[in-house]
Amino acid sequence: MDAVELSIVTPMYNEEEMIDLYFERVQSSLKGVTEHYEIVCINDGSADATWVKLVEHARRDSRIKAINLSRNFGKEAALTAGLDMAEGQAVVPFDADLQDPPELIKTMIERWRSGFDVVLAKRTDRSHDTLIKRTTSSLFYKLIDRLSDTPIPENVGDFRLMDRRVVECLKRFPENSRFMKGLFASLGFRECIVEYARPEREAGESKWNYFKLYGLAIEGIVSFTSLPLKLWSYIGAFTALGAFAYGMFLIIRTLISGIDVPGYASLMVAILFMSGLILMSLGMIGEYLARVFIEVKGRPIYIVMDTIGLDKKTDKTSNA
């Protein structure tokens, strides 16, 4: 059997409306690029007919492999499962919504064959996204770029091509709290960028809402920098210094002008301000502590219930 040159890895959650179009577009785009490919799809605990349709396609085409997780573990864990089981010399994480054009894979393969280990796909036009999403995304990338020691390219998602040795390095990262964009960026290697305009989703609805995107943003910041913890130390120090200076001012004023009865409003403002700072600092510490708690338990990142087209020996219940 010929070695697999290219693996397309796609997590899916309630994507029954997209599956037929997905395989049609992806397989059509790979014609003339390589015949030695596999498409690894991960059903992340879907409540619809996603798994049933994946099984149908896998039985019709041996190049389609399907992984069924025991429940919904989240996109980052599902993507990890697919990367763990992909066998290609080049691996491309790819979303099922087709907002990343599969036709770009041809260009990415050409760049990979020319010697690059990582080929990043950068969105240059996001006009089909809402204004709020574009704005918050831009703010997030600017913020994490300033905070993190690992530069994370702006407007670059999971869609990229990685050489086999890059994927093998990625599989050595054991953490459960996974921000894949950050993990990808932390690997290094020789990389280049190809640009594209992002189209609209062709069918179905996005499974991401602003609450989930906010959680992912917090995950990224907490996973790749400890600066917020240091920042709150500085805020506490400056606040204490300000309180000491104000206290000295009151003492001196009282010695000079006599006893002054403090106002109720100013007292409440001071109490509420300090209470707010304390709660915010505890919340930030709690974010880091929660991730320590998750990691020390050592639970599996994902659990595989069924596979189609994959050697059972490759099934994993943990990335550790």
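A: Start with burial: buried means under 20% relative accessible area, exposed over 50%, and partly exposed in between (1.4 Å probe, protein chains only). Here, aspartate 61 counts as buried, at a relative accessible area of 17%. Keep in mind that this is a predicted model, where local features need pLDDT of at least 70, side-chain atom pairs count only at pLDDT 80 or more, and totals for chains, interfaces and linings use all residues. Residues are numbered from 1 along each chain as its sequence is written, and side-chain values use heavy atoms, with hydrogens and water left out.

Q: Which residue does aspartate 61 meet in a salt bridge?
A: A salt bridge is a side-chain nitrogen of Lys or Arg within 4 Å of a carboxyl oxygen of Asp or Glu. For aspartate 61 the partner is arginine 63, at 3.4 Å, N to O. Salt bridges that share partners tie Glu35, Asp61 and Arg63 into one network. In the arginine 63 and glutamate 35 pair, the closest N and O atoms are 3.3 Å apart.

Q: How many salt bridges does the structure hold?
A: There are 12. One of them joins glutamate 103 and arginine 25, at 3.1 Å, N to O. Glutamate 103 is partly exposed, with a relative accessible area of 43%, whereas arginine 25 is buried at 19%.

Q: And how do I read helix packing?
A: Two packed helices are described by the angle between their axes and the distance between the axes. Axes are lines fitted to C-alpha atoms, for helices over the stretch in contact, and angles run from 0 to 180 degrees between N-to-C directions. Helices are DSSP runs (H or I, at least four residues), numbered from the N terminus. Here α1 (residues 19–29) and α2 (residues 50–60) pack at about 35°, with axes 10 Å apart.

Definitions and conventions
Helices (H or I, at least four residues) and strands (E, at least two) are DSSP runs, numbered from the N terminus.
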